[in-house]
Amino acid sequence: MFQTTIQREVSTEGVGLHTGVFGHVRLVPAPADTGIVFRRTDLDNFIIEARGKNVARVSYATSLMKQGVLLSTTEHLLAAIYSCGIDNVFINIDSIEVPILDGSADPFMHMLEEASVRRLRKRRRYLKVLKPLEVVEDGRRIGIYPADEFLVKCFVDFPHPLVGRQEIEMRVSQESFRRLLARARTFCFEREIEPLRAMGLIRGGSLENAIVLTNDGVMNGPLRFDDEFGRHKALDLIGDLALVGLPLLARVEAHRAGHALHTQLVSRLLEDTSLWTVTTEDGMPAEHTHCAASPEQVPAAD
Ligand SMILES: [Zn+2]
């Protein structure tokens with residue numbers, strides 16, 4: 001397998017969920033070994049790599065910070081890019097927060113499909129997990145285990161008549177992500193809205209970009225899936241795992257986890273180099289396409 005970037009520039013714009021700040025995002029092709037890199041075009045193209053070392057504070061969304069420069073709510077865009085098997089891309093953004101759009105990764109998937117995948121000349125490098133690692137905290141846990149492909153299992157349990165226990169298990173690819181997760185939206189509980197506002201969060205939140213759960217139902221239905229909440233949590237998980245910085249050959253299991261636990265797992269994994277190796281072998285038989293992204297038939301280029 002070869003590294004990839006996008007074939008052409010694509011863009012979108014919108015308000016950030018937490019800051020309420022309007023911003024423009026443009027994806028730009030990048031050379032091999034660049035990785036996924038944000039560029040704050042409002043700050044002289046300041047670069048923030050989408051890597052575990054740049055994870056800042058994490059509560060209701062994942063934020064990156066480098067030298068005091070912040071970038072919030074990266075998870076939905078990164079989930080789409082990572083699942084599409086895009087190894088290298090610049091994400092130009094002129095604000096502090098990635099637009100929330102409709103609260104799902106679906107608009108980003110459409111954007112990536114419009115951009116289409118371009119194969120580069122360099123071999124793709126995978127981070128292959130060799131030994132398990134688990135992070136446990138107050139009945140929440142997440143673990144990463146050796147596997148020959150990228151597998152995710154996500155379990156949620158919210159005491160609400162429309163949620164309860166939901167579990168998603170999948171092999172991550174562009175096709176499975178599009179079909180199972182991309183359209184699942186952000187959600188919150190009505191009773192959380194005032195406390196979150198008081199914390200200075202969800203300033204850009206609306207019934208257009210988040211499902212709001214009342215005590216016994218949903219304020220702005222219909223749901224896109226019966227288990228949209230579990231699917232959205234799996235989407236968030238994949239977006240946070242993108243911060244590993246390379247495609248994963250591993251199985252990840254999250255049990256009532258969230259951004260804080262996801263990013264702790266990524267940081268601890270990257271810190272302990274005895275747990276993994278970097279390989280150009282994807283572990284698949286030659287006819288098996290590990291990444292469902294289908295490069296256009298164009299000359300490979302760096
Ligand atoms: Zn989310």
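Which residue forms a salt bridge with Arg 185? Keep that in mind; the tour comes to it at the third stop.

**Before you start**

This is a predicted model, where local features need pLDDT of at least 70, side-chain atom pairs count only at pLDDT 80 or more, and totals for chains, interfaces and linings use all residues. Residues are numbered from 1 along each chain as its sequence is written, and side-chain values use heavy atoms, with hydrogens and water left out. Helices (H or I, at least four residues) and strands (E, at least two) are DSSP runs, numbered from the N terminus.

**Stop 1**

Two strands pair if DSSP finds at least two bridges between them. Strands of a sheet pair through backbone hydrogen bonds, either parallel or antiparallel.

Now pick residues 22-29 and 89-93. These are strand 3 and strand 9, an antiparallel pair with five bridges. Zoom in on Val 28, which stands opposite Phe 90 in strand 9.

**Stop 1: Lys 122 and Asp 33**

The structure holds 15 salt bridges. Each is a side-chain nitrogen of Lys or Arg within 4 Å of a carboxyl oxygen of Asp or Glu. Show Lys 122 and Asp 33: their side chains meet at 2.6 Å, N to O.

Buried or exposed? Buried means under 20% relative accessible area, exposed over 50%, and partly exposed in between (1.4 Å probe, protein chains only). Lys 122 is partly exposed at 41%. Asp 33 is also partly exposed, at 40%.

**Stop 2: Glu 228 and Arg 185**

Here is the opening pair. Glu 228 forms a salt bridge with Arg 185, with the closest N and O atoms 2.7 Å apart. Glu 228 is in helix 5 (residues 228-241), and Arg 185 is in the loop between helix 3 (174-181) and strand 16 (187-189). The two are 43 residues apart. Both Glu 228 and Arg 185 are buried.

Select Asp 227 and Arg 231 next. They form another salt bridge, at 2.6 Å between the closest N and O atoms. Arg 231 is buried, with a relative accessible area of 15%.

**Stop 3: the largest pocket**

Show Tyr 60, Phe 158, Phe 187, Glu 192 and Lys 233. Of the 41 residues lining the largest pocket, these are the closest to its centre. Which helix gives the most to the lining? Helix 4 does, with five residues.

Select strands 6, 7 and 8. They make an open sheet in the order 6-7-8, with antiparallel pairing. Strand 6 (55-58) and strand 8 (69-72) are its edges. Finish at Val 58, which stands opposite Thr 62 in strand 7.

Definitions and conventions:
On a 1 Å grid over the protein atoms alone, a cavity is a set of points where a 1.4 Å probe fits but cannot get out, and a pocket is an open set with protein on both sides within 12 Å along at least five of seven lines; lining residues have an atom within 4 Å of a point.
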